[in-house]
Amino acid sequence: MQGILNVISLDVAPFILSFKLAGVTTVILFVLSLPLAWYLSQSSSKTKPVLEAVTALPIVLPPSVLGFYILVVLSPNSAVGAFFEDLFGVKLVFSFTGLVVASCFYSLPFMVQPLQSGFESLNKHMLEASYLAGKSKLQTVFKVALPNIKPSLITALIITFAHTVGEFGVVLMVGGSIPGETKVASVAIYEMVEVMEYGTAHIYSAFMVLISFIVLLSVYIFNHSQRKIGVL
Amino acid sequence: MIQIDIHKRLHGAHGDMDLDVSLEIQKGEFIALMGESGSGKTTLLRVLAGLENAEGDISVEDVLWLGDQKTLPPQQREIGFIFQDYALFEHMNVEENLLFVNQDRSLAQRLLEMTELSRLSQRNVKGLSGGQKQRVSLCRAMMKQPKLLLMDEPLSALDPAMRTKLQDEILKLHKTFGITTIMVSHDTDASYQLADRIWVLDHGKIIADGRPEEILVKSTKEVYTLCK
């Protein structure tokens, strides 16, 4: 009975904030990553490995390192932070906007890499056939390339979303824990464990496990069905 | 008339070589481009299509496609190109592949009828056989009503029966539309039957240019002499 009451009285604000952050980050990253992934897939320039390494950095860096540098760059004492605060009145640390900026860095490789490998797997002649049909590069990306890399596209969108929901270290450093503003689900769980509210922490954590599993399962089911269509 | 005078340094599997080609093609001619693998045939087609850079000049009916000051991108060259691997848009059906190039539905229907593909017009191209895919590719290339049709070994991936059928359809479309055509081929029979003229490319240079009966009989004699 106590357990049911706990579930009913659960504060869902951290979850809503986590999903809002993940949604906004996914949309922004898709727009930013599309030209980058396309460039990396088509380029044989010497700068390509450098760009690829920079893009992949958030995978290997400890979130605290990434969070620290983002905090340094976005703080009002830095040129970037001061510029946004003076010109637009936007505070980039300990705010939702700051979390979005940090999440875009943190989740960048999860959007770029699947898109890039999808574009690289395309038949080069198919893209050339589109150019010969009179279509520009932009038209070719949207009308030929993207519809032919659906599994990579879905993987990029969903994994970016799920990865952002699962952020902890970076958001804690850049956003802190302001209820309704920066206190996302992962931070809320951490705080509950700190104050030994294990029951609520369990419910929050189980909910995160369930959502993450459903998200990943749907990606694998979709990709499996796409492969079957490809075979047929 | 099409005038070609191009130069390009190639880095191939057999080492570096120069592609040096200077030729004229009359409007409506059908040319078979022959030569060993690595002789530069595909590169020549790709340069004509604007898919690869080269130095020199290409002018088509007095329009400069390639010159010192100007290079027209593939989008602005009136080219139909048939790739060896078909390169169809796999997320579209047969008709959509054609209409992607040009929204002229009546032309699309006419081409599909001529190549006996009308009943497959709503089928996704993924499910088609190799021969059907190459016919769709041929129709798609014709949708632009190009000034120059380039075919890179269109028959090589097909079985003999399908090769004969496609060969007949290529000839039918060439006679109907009179489009100047260059076809890369290793198939002497097809080249003999389809072409008005044969070019033989060797290490980037044209070493023979003439009517099929002249070129093929001459090369047969050479083979015969070598065998003796």
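Which residues of S3(B) lie on one side and which on the other? In this predicted model, local features require pLDDT of at least 70 and side-chain atom pairs count only at pLDDT 80 or more, whereas totals for chains, interfaces and linings use all residues. Residues are numbered from 1 along each chain as its sequence is written, and chains are lettered from A and ligands numbered from 1 in the order in which they are written.

Strand S3 of chain B spans residues 30–34; strands (E, at least two residues) and helices (H or I, at least four) are DSSP runs numbered from the N terminus. One side of S3(B) carries B:Phe30, B:Ala32 and B:Met34, the other B:Ile31 and B:Leu33, and all are buried (20 or more other C-beta atoms within 10 Å of the residue's own, with C-beta atoms placed from the backbone). Because 5 of its 5 residues are buried, S3(B) is largely enclosed by the rest of the structure. In a regular strand the side chains alternate between the two faces of the sheet.

Pairing requires at least two DSSP bridges between two strands. S3(B) runs parallel to S8(B) (residues 180–184), joined by 4 bridges, with B:Ile182 as the partner of B:Ile31. Strand S9(B) (residues 197–202) also pairs with S3(B) in the parallel sense, over 4 bridges; there B:Trp199 is the bridge partner of B:Leu33.

Between the chains, 14 residues of chain A are in contact with 14 residues of chain B, contact being defined by C-beta atoms, placed from the backbone, within 7 Å. Helix H7 of chain A (residues 124–132) supplies the largest share of the chain A side, 6 residues.

Conventions. Two residues are in contact if their C-beta atoms, placed from the backbone, lie within 7 Å. A residue is buried if 20 or more other C-beta atoms lie within 10 Å of its own, exposed if 12 or fewer, and partly exposed in between; C-beta atoms are placed from the backbone.
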